[in-house]
Amino acid sequence: MTRRLIFDVSRPGRRARAQAPAAESAAPAGLPAKLIRDRKAPLPAVSELDVVRHYTRLSQLNFSIDTNSYPLGSCTMKYNPRACHRLASLPGFLDVHPAAPDASVQGLLQCLHELQDMLAAVTGMQAITLAPMAGAQGEFAGVAMFKAYHHARGDHARDEIIVPDAAHGTNPATAAMCGLKVREIATGKDGDIELDALDAALGPRTAGIMLTNPSTLGVFERHILEISRRVHAAGGLLYYDGANLNALLGRVLPGDMGFDAVHLNLHKTFSTPHGGGGPGAGAVGVASSLQPFLPVPYVEKAEGEYRWRSDSPDSIGKLAANGGNIGVLLRAWVYLRMLGREGLQRVADHAVLNANYLAFRLAEEGFDLAYPERRAGHEFVISLKRLRDETGVTAADFAKAMLDEGFHAPTVYFPLLVPECLLIEPTETESPEALDALIEAMVRIRDAALSDPEAVRSAPHRMPVRRPDEVLAARKPDLAHAPALRRD
Amino acid sequence: MPFVPHTGEQAEEMLDRMGLARLRDLYDEVPDSLLRDEPPSIFPGLDEAGVTRIARERAGNNTPLLCFAGGGAYEHHIPAAIWDIASRGEFYSNYTPYQAEAAQGSLQLTYEYQTMIAGLTGMDVANASLYDGATAFAEACLMAVRCNRKSDARRIAVARSLHPAWRAVARTLLNGQGIELVEAPLDDSGRADFNYVYENVGGGFDAIAVAAPNYLGGMPDLEAWRALADREGALLVVGINPVSLGLLRPPGEFGADIVCGEGQPLGIPMSGGGPFLGLLACKAQYIRQMPGRLAGRTVDAAGDTAYVLTLQAREQHIRRSRATSNICTNQGLMVVAATLYMALLGGEGMRRVASACHARTAQLVEALTAIGGVRRAFDAPFFHEDVLCLDRPVAPVLAALAEQGILGGVDISSEYPELGNALLVCATEMRTEDDIICYARALREIVAPRQRAARNRRATSARRTKHEPDDSGQTT
């Protein structure tokens, strides 16, 4: 199937006439001619209907939470309540210029301040910054604060961050961006960190450790209190990658586990949309020892008034042009106000219930759990190594076949420790009926792999495209439509 | 809890099947000392009607202001179609398109977006977005250091006329890797003074960075900057406002190596400062040092056109600590909005918007500088926004204007103390002639009553001596 680009629909002279102001009668005043374009910007010349139809049709080629189950491990693809979108889009919130005086945005600041307080409560941390615009920026803020903390104590030797081998790729990438060395430690056979490996890594160069709990293997780190004790005893700090907080919301507080800094992916646990890759928000909570180093700005309440504060002398600085992804923060505020105190634990309980039920049933059906002896968190790993050895069908093939069944594929080949793995996270918003349908689909694919492996290896067959040639894409990068850029 | 679909009976059946008695048993590997029976204390939950009531009240507590502020965030008309389409669940609630077959819509759209940004900036390629203009600038600096293999300076020279928040964010992000940002101060015409840098810091830079138009509305001579970069063996990084490129010659035509910018003007609401959209484009030779996602066109197993995320070996999920950046989540939904904006406006529409913004701002500057005690800071061409100097501190003037429902601009006097009482003003195509008159009248009332009173006194004393008619109504 060949689909047209918007540039193919373009016809010189056509335009969406309702969408541009009248032409100015005079040439732009005061600007030297050499600064003015000699031809119009090479953009499509199309009608409004052309645009609406083209992009509506493109949207229909996507899977999304609104249209499909999305058991994508580590990504927490739960339902994004429409109320969050509708209310964050009220004109009183959208039409606010970032330079508007605090007195004119008290309603907005009150929401953000409440969000800070609610996030502090659910993490057990002292203070929250809402500035980071994604989880990775939250990680950057956390690790930069670790560095600032050590330096403020005159300790300049701590240039290593310890990261388990199962960690998200952003963890080591963040440590490198902060100019720290990454020290990777092994995970044991049971899915917990090897304490001996930790001891070997700890020392006077340890700035801290970055952990996800439950880990990316989907299991709770049972030695967490001991890890916390040993890292602190060595003079290091603990960073909590909150990507998996959905497993513990309201049940276990990162602060209780001994973490000094926590980032939260509001687009995961707090149900703000993924938007095809963003925008997210990566609020960070810290213990009181790190509070002086928090990025600016943050919202403060004083004498009954809310205001932005930026005057912290020891702050690691600014992370965003303005106060962060405020529209995303408002969606999280709406979600948390709807969830309320009594809803927190129900989220984690049902996310964990769904994951355990799914894991249990799949094991009954003969799938291999990576950690069969362990209780699953909100997600779990299965390995298709046995199936691959028998049939040649890989985890990637299996994932593609799931698309044909109408399910988004689980995360594949991550974590890196488990061969031919699928990381499956159903979330609490999927019904038991949806889980049963997922199990049936996976059994069907497995049976197909045994009876007609070639059909599975060439999947998908019913999607808008067949498997794309990724090698060609990387070898001869075609990143822009050349005819649209030609200058003639 | 509003979004859990399980009936109580179903949850029990699921637990039963696993041989568990209650939900709490699901946490049997969590140490008892950590497991809470009581949830943390936050507000009790609300239904949709209840939260709607509160949200409306809060939104209502924000005072709408007639906006004459720019400085990196602009009130433009946002065509209705943009957010109708961008809010479709298929764009709003999908994930990063790692499974290409289930995301051809997002991938093709991103490819079209990359093409439009490349075309608008006159560059070869653009990425699939960064967080905002400030982080795009920081990433452009990091990228330039990686790209410039001839230099080991680990220093970037940046014009002080580039957005203060962009410079601040770049300092935060460059600091970790020991890369220094050296600022070239403003000369009398608001241009960056590189002689100062040479005299005080010396040469040797990985890149030289400037914005066109700059934060102060000035238009740098990019030909001269290209020549300077060549002489220094430095890359040229140019910050842009995408709407301005509807009218202005793009930086690619001046030989820019890397272009970064704030994409908010492309159909994205101001929303108190975010989410915005970081633009990044470069010459083809630098692609492999580019941070962030890239969509590419290829063919599928049947030989038909298909789109994928490509060159992922640059990224954190593959390269881990040796990745070009730690960025993972980007601003995907804002890319949808910007793509629809550029498609709806087209080259002609973008030219008109840019021209209208320039014309409205010129009218605004003319109207405001007619007031005593208000003058332009620089006698140089400006685009879309300009700096005014007041004869008194800016903050109380802006506060008084806000009392009258006007956001009179951005107070830049603490960011640029060398400019004195400096106010950055802007009028987009949304401002009418009446709006401008309204602002000028209000400002005159605030800054000129003393002048009027003084004139009145002079007139009165003149009348006493010369018995001339009262002209106080026409004095100001």
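**A covered helix, a chain contact and a helix pair**

In α7(A), you'll find A:T170, A:N171, A:P172, A:A173, A:T174, A:A175, A:A176 and A:M177 buried (20 or more other C-beta atoms, placed from the backbone, within 10 Å of a residue's own). This is a predicted model, where local features need pLDDT of at least 70, side-chain atom pairs count only at pLDDT 80 or more, and totals for chains, interfaces and linings use all residues. Residues are numbered from 1 along each chain as its sequence is written, with chains lettered from A and ligands numbered from 1 in the order in which they are written.

**Around α7(A)**
- Helix α7 of chain A spans residues 170-177 and is mostly covered; helices here are DSSP runs of H or I with at least four residues, strands are E runs of at least two, and both are numbered from the N terminus.
- Its buried residues pack against α6, β2, β3, β4 and β5 of chain A, plus α10 (316-319) of chain B.
- After α7(A) comes A:G179, with a positive phi near 75°.

**Chain B against chain A**
- On chain B, 166 residues are in contact with 172 residues of chain A (C-beta atoms, placed from the backbone, within 7 Å).
- Helix α11 (residues 332-369) of chain B gives the most to that side of chain B, with 22 residues.

**α12(B) and α13(B)**
- The axes of these chain B helices come within 10 Å and cross at roughly 130° (lines fitted to C-alpha atoms over the stretch in contact, with angles from 0 to 180 degrees between N-to-C directions).
- B:V397, B:A400 and B:L401 in α12(B) meet B:A442, B:L443, B:I446 and B:V447 in α13(B).

Terms used. Contact = placed C-beta atoms within 7 Å. Buried ≥ 20, exposed ≤ 12 C-beta atoms within 10 Å, placed from the backbone.
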